[in-house]
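User: Hi! I have a structure to read and I'm new to this. Could you walk me through a few features, giving the general idea and then the case here?

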Amino acid sequence: MTPSRRQAPGNDEPLIRVRGLANRFGRHVVHEELDLDLNRGEILGVVGGSGTGKSVLLRSIVGLLRPAEGRIEVFGEDLQRLSPAARSRLERRFGVLFQRGALFTSLTLEENVAVALIEHAGLSRADAEALARVKLALAGLPAAAARQYPASLSGGMIKRAALARALALDPEVLFLDEPTAGLDPIGAAAFDRLLLTLRDALGLSVFLVTHDLDTLYTACDRVAVLSQRRVLVADRLAAVEATNDAWIHDYFHGPRGRAAQRAAHPAKEP
């Protein structure tokens, strides 16, 4: 049984508001006039075909890529207008899990998580490593994992360690880039359940880039579909599924989509 989903917010101002976003690489246009909101307390799934710029959008919002045009407001602040110091303070309210984990291979898991606590929270090494062990436990890792190096871990453990690092500074918004990619179905389902638990327990808002249909049906309050350089639709799954678009139809109503729907809503036995 999975944790119950929080109801999507009503009239609250979005935590993140993207308007008129454009991203270009030379003559290649990735996004044009893209609009999207992330509401407080929701898990927003972001999907789209290959090359639609899902990860590019995430990197634009977290400040790793400067867009060619448009406005990104986070916590009511325009990212492009902030001083470097103010922007750095704001970005500490983010936690980011990159697609391949991006752990430091020469550091133990405990040390990987402690780095941010030492550099940004000013903790001593001993205090940072003690708190790092708490974060690793919060991400579902056993105590013995703290002293292990990334090379000795399974893919699922690496994702959980990267999640612990993303949670190190107690963020308000969590950005996840393909968190279940490369995991077996059991590991992916466990990660989805963990994400729901953490969202509810910590009051997180989550921007989730994924290809995983099971994750969309299990964990997401709304889904945004990127297509034709913009957000084609951003709504609850029932509304997204009903959108008249060839890619949406193939994605959500194909064999894998139907299987994900059945898994999320199993038929009751008579």
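User: Where is Glu33 found?

Analyst: Helices and strands are DSSP runs numbered from the N terminus, where a helix (H or I) needs at least four residues and a strand (E) at least two. Glu33 is found in strand E2, residues 28–38. Before we go on: this is a predicted model, in which local features need pLDDT of at least 70 and side-chain atom pairs count only at pLDDT 80 or more, while totals for chains, interfaces and linings use all residues. Residues are numbered from 1 along each chain as its sequence is written, and side-chain values use heavy atoms, leaving out hydrogens and water.

User: Is Glu33 buried or exposed?

Analyst: Here is the scale: buried means under 20% relative accessible area, exposed over 50%, and partly exposed in between, with a 1.4 Å probe and protein chains only. Glu33 has a value of 52%, so it counts as exposed. The backbone of Glu33 is worth a look too: its phi is positive, about 55°, although it is not a glycine.

User: Which loop holds Arg229, and what is its phi?

Analyst: Arg229 belongs to the loop between strand E9 (222–227) and strand E10 (230–235). Its phi is positive at about 75°, and Arg229 is not a glycine. With a relative accessible area of 45%, Arg229 is partly exposed.

User: Which residues do ring pairs link into a cluster?

Analyst: Phe75, Phe94, Phe175 and Phe207 are linked in this way. Phe75 sits in the loop between strand E4 (69–74) and strand E5 (77–78), and it is buried, with a relative accessible area of 17%. Apart from neighbours within four places in sequence, Phe75 is in contact with Leu15, Leu90, Arg93, Phe94, Glu172 and Val173.

User: Which residue lies over the face of Phe75?

Analyst: A charge sits over a ring if NZ of Lys or CZ of Arg is within 6 Å of the ring centre and within 35 degrees of the ring normal. Arg93 lies over the face of Phe75, 3.7 Å from the ring centre. Likewise, Arg165 lies over the face of Phe104, at 5.8 Å from the ring centre.

User: How should I read two helices, and at what angle do the axes of H9 and H10 cross?

Analyst: Two packed helices are described by the angle between their axes and the distance between the axes. Axes are lines fitted to C-alpha atoms, for helices over the stretch in contact, with angles from 0 to 180 degrees between N-to-C directions. The axes of helix H9 (residues 246–253) and helix H10 (residues 255–264) come within 4 Å and cross at roughly 55°. Angles under 35 degrees count as roughly parallel, over 145 as roughly antiparallel, 65 to 115 as roughly perpendicular and the rest as oblique. H9 and H10 are therefore oblique to each other. Where they meet, Tyr251, Phe252 and His253 of H9 touch Pro255, Gly257, Arg258 and Gln261 of H10.

User: And how many residues of helix H3 are buried?

Analyst: Helix H3 (residues 109–119) is mostly covered, with eight of its eleven residues buried. The buried residues of H3 pack against helix H4 (125–138) and helix H5 (155–166).

Notes. Phe/Tyr/Trp six-rings, centres within 6.5 Å; stacked < 30°, edge-to-face > 60°. Contact = heavy atoms within 4.5 Å.
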